[in-house]
Amino acid sequence: MSNKENGQKFSQTVRSTKYILGLIMGKKHGKTYLFLKLSISLINALFSVSYTVFPGLIINALIDGDEMTTVFMYVSVLLLTPVVSHIVNSVWSYFLTKLNLELSLDFQCNFDFHVMSMDYDAFDSPDIRILRQRANDTCFGILSYADTVFNAISAIASLVAISSIIATLHPLIILLVLVLIFINSCVTKKYNAYHFTQGQKLSAYENYDWAISYMIEEEPYAKEIRLFNLKKFLIDMLASNKKSWSKELLRQRVKYLLYSFVSVATNLVQQAVLYGYLIYRVVFQAMPIGNVTIYLSATSQFSGALKRVLDSYLELAKTGLYIAEYEEFMSVGKKNSGSGKDTPVYDENSTIEFRNVSFKYPGSENYAIRNLSIKINGNEHLCIVGENGSGKSTFIKLLTRLYTPTEGEILLNGKNIMSYDYEKYLALFAPVFQDFVHYYMSLEKNIILSKPLDKELFDKTCSDTGLDKLAAKLPKGYDTSVEKDIDPEGFRPSGGEDQRIAIARACYHGGEIYLLDEPTAALDPNAEYEIFTQFDNMITSKCAILITHRLAAVQLADKVAVFADGHVAEYGTHAGLYAKGGLYTDMFDKQSKFYRELPTESEASEDTESDTSEDE
């Protein structure tokens, strides 16, 4: 590696260290934590000197016939050192553990808050997803990074104290140890770089492994796995990925064994030279026997301390790569939260306009929406229909700023929606998405979430959506947990119940603009009729954008927009579009014919005979 590259790595390590220490110091009690770590590091360095010197002094005092008071003093210091060390470290450890738990929680909460604050397009990116996982692992190790810094400080303090002892034996011993440790550090440095690269490869395998395991273990996949007989198919996928992961891991272990051999060889050289020289001094220069113990211990301590310094630096250099990823992730996806400050207003005089909007999903070359222009006025009810892939759901994602248009702009009251405060802008909407979710909380909490309970509104919402009947059947009513993971008495909602919960959540939270993306897809016809009737009442004085495949829902709409190939192909009222005989007419007729066509006499007769035979 060139001097320039070494210099860049050193600069990166220093920058990462300053970044982490700065993060810790910026937290409540962070400075206290760092002060305690520094104090105990220096104190432990002094204890190590005591362990090095006093055994040799005791031996020399006994051989030289010194007074027993001197021997007693040396022995007392040696015996009391571990006791004092234990007491000091125990007390310090308690306070450090307490602060560590507080700081770790703070870092994890900040990380999770960032994840939930990220722009949706960044959150949805596969590359960012891998970076997020690696950054999450780093988040757990932020304080251990600081520990590495203080391990180095402790080792440096030990070096300063012990090097003066070794220098009285022979300065070249220090030089020998320095050369051998330098060789070890060069090898370790190469291994750390290799380990980081391998870690990135292993992370990709581990993510894939998680995805396959999730499909194997989780209930939503259980039915199709059995019906399509996917057992061997999925196990083969899992085994193939595991084998590839194992090969990479074994390759890493082989490298480690090769590198560790260098450490064994250098240690052998150091011990052979040291013992040879000490024997020579004892035999030919009458060096006191106790000094042999002191010098052996001192050299071992010096070598260990120097190795800890270099290992700490190499660990900081290696971890610095992860810190750089963490820093990169923590700066990702903040376009929305850092955008406009204006307060949005929506009423009967407002307008929403898509003006020549085009959009490509990240990593795609194809437009999901192309030159789309449409205007929604005041409390207008708009129904959007079209084939799958025509851009209907993408329209909603762009309107709610989950994604930003690739070209064109979206206007609210004549101003680009990016000029409005993000959270205040989102508060305008009451959404029911196609891929609705439930939360691992009580049924009540699933509806009200973070909002305070308004009992009158809550009861009305549950009555309108039919959840009052569901709650009446549950063991704890609205306090029953959704799913059984937290509470064994919880319940697992059906698809229709799940959808009612999502609808109730939107109604309870309210907003000026209702967004309904296939809101009744999991409901039976009777329940769908009830929900549509209730919707009609709830959105009377509200703007509503309804995406649906069920064309009966157009009765709720003032206008209908037919999406095709990412743009508005037809626009108008239901009656006007149907009279045109275009795309909308074709869609409506194809769907409605299954309800209009009656069975023939022969088919009806066959059905009757079949029913009769079954009864018999």
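Analyst: Two strands pair if DSSP finds at least two bridges between them. Strands (E, at least two residues) and helices (H or I, at least four) are DSSP runs, numbered from the N terminus. This is a predicted model, in which local features need pLDDT of at least 70 and side-chain atom pairs count only at pLDDT 80 or more, while totals for chains, interfaces and linings use all residues. Residues are numbered from 1 along each chain as its sequence is written, and side-chain values use heavy atoms, with hydrogens and water left out.

User: Which residue takes a positive phi in the hairpin of β9 and β10?

Analyst: Asp565 does, with phi near 55°, in a hairpin that has 2 residues between the strands. Strand β9 (residues 559-564) and strand β10 (residues 567-572) are antiparallel, with 5 bridges; one of the bridged pairs is Ala564 with His567 in β10. With strand β3 (residues 381-386), β9 pairs in the parallel sense, also over 5 bridges, and there Leu382 faces Lys559 of β9.

User: Is His567 buried, partly exposed or exposed?

Analyst: Buried means under 20% relative accessible area, exposed over 50%, and partly exposed in between (1.4 Å probe, protein chains only). His567 has a relative accessible area of 29% and is therefore partly exposed. By contrast, 5 of the 6 residues of β9 are buried. Contact means heavy atoms within 4.5 Å; beyond its neighbours within four places in sequence, His567 contacts Arg370, Leu372, Ser390 and Val562.

User: How does one read the length and the kink of helix α3?

Analyst: The expected span is 1.5 Å times one less than the number of residues. For α3, with 50 residues, the first and last C-alpha atoms lie 71 Å apart, close to the 74 Å expected. A bend is the angle between axes fitted to the seven residues ending at a residue and the seven starting there. In α3 a kink of about 30° lies at Leu80, shortly before the proline Pro82.

User: Why does His114 count as buried?

Analyst: His114, in helix α3 (residues 68-117), counts as buried because its relative accessibility is 3%. Not counting residues up to four places away in sequence, His114 touches Phe329, Met330, Ser331, Val332 and Lys334.
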